[in-house]
Amino acid sequence: MRTSAGSTCVSRSTTCGHGLRAETTPDNLALACFHCNRRKSDRGSAMDPESGESAPLFDPRQDRWAQHFRWASDRIRLVGVTPTGRATVEALQMNRERTLQVREADLAIGRHPPPSDPVDTLTPR
């Protein structure tokens, strides 16, 4: 799990959309914080704020984290670097104030970001 801003729940990785339920099988489940799970709901796509086009949301079962996301140079703010990354950050509000505060506290004690995650040293705070 990437952040720990609350309790964790199990979420369906893919959905059928429009309120239809996808299969609840182990290969279609992923851990998600309550807030991200609630914001994702049954959506599989959202608008990329850069292009204005619809983009698929990040699927932790099929997509590679490092391909879609970087930590800003402050190591607290998450930056989407692809349409999928940007749409996911925006739709799930992954940089909401409380989450930034938790990341900042975790950074102070060396618990954030995960060592294997890419950090964009050029992205301003």
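**A walk through the model**

Guide: Gln 93 sits in the loop between helix 3 and helix 4; helices (H or I, at least four residues) and strands (E, at least two) are DSSP runs, numbered from the N terminus. This is a predicted model, where local features need pLDDT of at least 70, side-chain atom pairs count only at pLDDT 80 or more, and totals for chains, interfaces and linings use all residues. Residues are numbered from 1 along each chain as its sequence is written, and side-chain values use heavy atoms, with hydrogens and water left out.

Visitor: What is phi of Gln 93 near?

Guide: Most residues other than glycine have a negative phi. Gln 93 counts as partly exposed at 40% relative accessibility; buried means under 20% relative accessible area, exposed over 50%, and partly exposed in between (1.4 Å probe, protein chains only). Gln 93 is not a glycine, yet its phi is positive, near 50°.

Visitor: Which loop holds Arg 75?

Guide: Arg 75 also has a positive phi, near 65°. At 37% relative accessibility, Arg 75 is partly exposed. Its place is the loop between strand 5 and strand 6 (78-80).

Visitor: How far is the backbone oxygen of Pro 56 from a polar atom of the side chain of Thr 84?

Guide: Thr 84 lies in helix 3 and is buried, with a relative accessible area of 10%. Leaving aside neighbours within four places in sequence, Thr 84 is in contact (heavy atoms within 4.5 Å) with Ala 55, Pro 56, Leu 57, Phe 58, Asp 63 and His 68. The backbone oxygen of Pro 56 lies from a polar atom of the Thr 84 side chain at 3.1 Å.

Visitor: Which residues are linked in a network of salt bridges?

Guide: A salt bridge is a side-chain nitrogen of Lys or Arg within 4 Å of a carboxyl oxygen of Asp or Glu. Asp 48 pairs with Arg 86, the closest N and O atoms being 2.8 Å apart; this links the loop between strand 3 (45-47) and strand 4 (54-56) to helix 3, across 38 residues. Arg 86 also forms a salt bridge with Glu 50, at 3.7 Å between the closest N and O atoms. The network is made of Asp 48, Glu 50 and Arg 86.

Visitor: Is Glu 50 buried or exposed?

Guide: Asp 48 is buried at 0% relative accessibility, and Arg 86 is buried with a relative accessible area of 16%. Glu 50 has a relative accessible area of 62%, so Glu 50 is exposed.

Visitor: How far apart are N and O in the salt bridge of Arg 111 and Asp 106?

Guide: Arg 111 is exposed, with a relative accessible area of 57%, whereas Asp 106 is buried at 9%. Their side chains meet in a salt bridge with an N to O distance of 2.7 Å.

Visitor: Which residues does a cis peptide bond join?

Guide: Most peptide bonds are trans. In the segment after helix 4 (97-108) lies Pro 113. With omega about -10°, the cis bond joins His 112 and Pro 113.

Notes. Polar contact = N/O pair within 3.5 Å; in protein donor to acceptor, adjacent residues only side chain to side chain.
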